[in-house]
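User: Hey, could you walk me through this one? I'm still new to reading structures.

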Amino acid sequence: MATDERKLVDEQIEALFASHPPADTPEREFWGAQFDHGLAWVQHAEGFGGLGVSPRWQGEVDRRINEAGGSTRNRYLNVLGIGMGAGTIMAHGTDEHQQRFLRPMFACEEIWCQLFSEPGAGSDLAALATSAKQEGDTWIVNGQKVWTTLGHLAKWGLLVTRTDPDLPKHAGLTYFIVDMEADGVDVRPLYQITGEAEFNEVYFTDTPIPDDLRVGEVGQGWAVAMTTLMNERVAIGGSVSPRGSGSISLAVEAWEKLHGQDGDPVQRDQLLSYWAEAEAMRLTTLRAKEAAKQGTPGPEGSTAKLHWADLNKAITSFTMDLMGPEGMTYPGGYEFTRPDQTSNRGTSAHKAFLRSRANSIEGGTSEIMKNILGERVLGLPGEPRVDKNIPWREVPRS
Amino acid sequence: MTVTTAPPVVAFALTEEQKLLVDMVRDVLKDRATSERVREVMLGDDGFDEVLWTELANLGLTGLTIPEQYGGAGSTFTELSLVFEELGRRLAPVPLLSSVVLGAEAVLAAGSDEQKGAILPGVAAGTTRLALAHLDPAGRLTADPGVRAVRDGDAWVLDGTAGFVVDGRTATHLVTAANGPDGLELFVVAGDTAGVERTDLEVLDLTRPMASIVYSGVRVQDADRLSGADAVAALHRALEAGVVAIACEQAGGTQETLRTTTAYARDRVQFGRSIGSFQAIKHRLAEMLVASESARSAAYHAARILAAGEREELAIAAPLAKSYCSEIYEQATGHGIQIFGGIGFTWEHDAHLYFKRAKSTKLLLGDPKHHRALLGQAIGL
Ligand SMILES: Cc1cc2nc3c(=O)[nH]c(=O)nc-3n(C[C@H](O)[C@H](O)[C@H](O)COP(=O)(O)OP(=O)(O)OC[C@H]3O[C@@H](n4cnc5c(N)ncnc54)[C@H](O)[C@@H]3O)c2cc1C
């Protein structure tokens, strides 16, 4: 089985490279062809960017593309689409959705954003208040979303709304794909502690959404949203980079530049301790990938997300300490821009330090990850809930 | 361990007068050092809040620790430390650390009577603003600073670069450490002297500017060389006072972070409950409280020991306060962002300002590792 799968993947890689040499083909054209060869999400069915094989082969595909001088940066240029939207559309979308959206998404012809969080509903996503009311074949949306990463570039949004306020909070939700160019959509920048505005607040005023952009049944929005979140946690924590890369490489670089062989033994030991932990975490991610099944990832995706978030914060902070006085600087200064990608990657040690503070918040906070692991993986009892079986209208909110 | 004598005991309790001082400072800062104002200054070109500075000077706060004979109030460092704690709560962008502590303490310790008489009244009045330029371009404190002094008849010529000078661009005078033929010397150089070039560094904490200062053939008179006492010992005293002032500021910032975060944890509702009702949050805040109390104690102790002139105990108390308060402030502000969640990661929220101040002061005038090494020496470990 595994050898058959490998053969299939290899054949497609070779065919792709023959028709579209990775180093010489314009990025979007290459990504489109990659999709057509079933190498976008190998676990998807044929015709939908996949080959119907285990998702573990994706790492191999991406590695080969990078080695051949091609780019896989679409995965973070369009992280909310490719990382989260695609899995959701595969699991819950209609055939038309899958035909219409996946290819341009993968080719980065259309950028996606995620419209879940609201000022009053972050960790408690199911408390959200943005309403959608049906009028014939159209839904009319009103409300405010917040922390919408790349909302300023997005053509499409993954939107969760409340369609029935009288049901308990999880039951009254419905999921849509929203056209960010539709009437009544207002995207405003929100600046972050790095000075940049990767995220936005998004206001909907009587925004129409045709019913055929609904994903899943009316009232089934929570289940669809969960699929997105499970995919998100894997997208955030679950990518396997080469040994010693990522934030630990910035720490090692700072060490070598500033201290070299005669550095402080305590700091050296701390550095090695982080290196070991980063490598152990990387191996865990590799192991999880190997075991991954087709379909939506389970709650164990929170393991990598939790570990990565806390370790990344610790390492980037330690790197600033290693730099000593230089850690009091912010080279390049604060620029109040709206970037075209999130700066979790490929960035200076200083910016990485600030950006990392979001890692334990975005995609579900570390506290929430711990609750998920405790309750859904370890099977511990949940906390008493005051908000479960009463109408959403009656749940206390701040 | 060679330390056997019991440490000197200093009372923590504030006198009535000191309480009045705290109230007065709080009142001023409440109106003047609002978040909006701090942000306006930190993004503007002035480098410090001139309005607030003038007000602090009018209230006599810039002259608190300057002896009466030089136009100050002759109070102790305990009083000044209370001011730092309050400034730390609000991140007020004023050059009190650079001028009244680092600069003035160096002049007090190294200057002749005449020099003190010439410089310190202006400092006390707030019209003279000193900055201490004593680090090499990379910000290291070494026996050989970044600037060299060569004698030329009655004058001296300074060449080189001093790095990481707090408030260095806007100071009226630079207390400059330079290596001369007979070792370290301290010169008081007017900021507008020919050959002095000052450039702001791109700093992490915008509420506390730092500059790189290039000296190219800068001529100063011998009268501007602090000649009352040994420069190395004087520099050491100034830095020790600076370290204690920072620790008090950090204790203030830690308390403020705990206060605002606790208030948010009480008000913010998720899952139908205040997030402070979740033990993950409640316990973290309780831990912050414990740490914050210990940080305060370490900072207060150091300030009172400095005020009492107990040099031997200060060698323990100062590095203890700086290393401990630095770690606690950093932790607390990190927890702060986490407990605020998404809003805590935004520019518009103040959590990041404290977080950056914490990281920056942790590395300013020696990181915790450096200070723990000093502590180790002091206790004979
Ligand atoms: C950089 C960044 C990018 C983001 N991008 C997006 C995006 O593209 N789309 C989108 O929809 N959202 C996005 N988010 C939002 C993110 O998902 C939320 O910030 C997150 O879910 C937390 O919600 P909150 O900010 O409202 O904090 P809150 O939920 O209010 O949490 C505040 C604190 O309370 C704690 N807490 C809450 N409930 C519990 C509990 N039950 N037990 C213990 N502790 C608890 C939290 O852990 C946190 O420490 C982004 C956030 C960041 C920082």
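User: What kind of model is it, and how are things numbered?
Analyst: It's a predicted model, where local features need pLDDT of at least 70, side-chain atom pairs count only at pLDDT 80 or more, and totals for chains, interfaces and linings use all residues. Residues are numbered from 1 along each chain as its sequence is written, chains are lettered from A and ligands numbered from 1 in the order in which they are written, and side-chain values use heavy atoms, with hydrogens and water left out.

User: How many residues surround the ligand?
Analyst: There are 31 of them, and the closest are A:Ser123, A:Trp147, A:Thr149, A:Thr365 and B:Arg268. To count, a residue needs a heavy atom within 4 Å of the ligand.

User: Why is the site shared between chains?
Analyst: Because the residues that surround the ligand come from chains A and B.

User: Which polar side-chain atom lies 2.7 Å from a nitrogen atom of the ligand?
Analyst: One belonging to A:Thr149. An N or O atom in the side chain of A:Thr365 is 2.6 Å from an oxygen atom of the ligand, and a polar backbone atom of A:Ser117 is 2.8 Å from a ligand oxygen. For a polar contact, the two N or O atoms must be within 3.5 Å; within protein, one must be able to donate a hydrogen and the other to accept it, and residues adjacent in sequence count only if both atoms are side-chain atoms.

User: And how much of the ligand does the protein bury?
Analyst: 96% of the 970 Å² that the ligand exposes when taken alone. Those areas come from the Shrake-Rupley method with a 1.4 Å probe, and for residues only the protein chains shown count as cover.

User: Which element gives the most to the shell?
Analyst: That's α12(A), with three residues. Helix α12 (366-377) of chain A, plus α8 (279-308) and α9 (311-340) of chain B, each supply at least two. Helices (H or I, at least four residues) and strands (E, at least two) are DSSP runs, numbered from the N terminus.

User: New topic: how many helices and strands does chain B have?
Analyst: Eleven helices and nine strands. Its C-alpha trace spans about 80 × 50 × 40 Å along the principal axes, and 59% of the 381 residues of chain B count as buried. Buried means under 20% relative accessible area, exposed over 50%, and partly exposed in between (1.4 Å probe, protein chains only).

User: Now A:Ala86: buried or exposed?
Analyst: A:Ala86 counts as buried because its relative accessibility is 0%. It lies in helix α5 (residues 79-92) of chain A. Not counting residues up to four places away in sequence, A:Ala86 touches A:Trp41, A:His44, A:Gly81, A:Leu102 and A:Met105. Contact means heavy atoms within 4.5 Å.

User: And where is A:Asn389?
Analyst: In the segment after α12 of chain A. A:Asn389 is exposed, with a relative accessible area of 70%.
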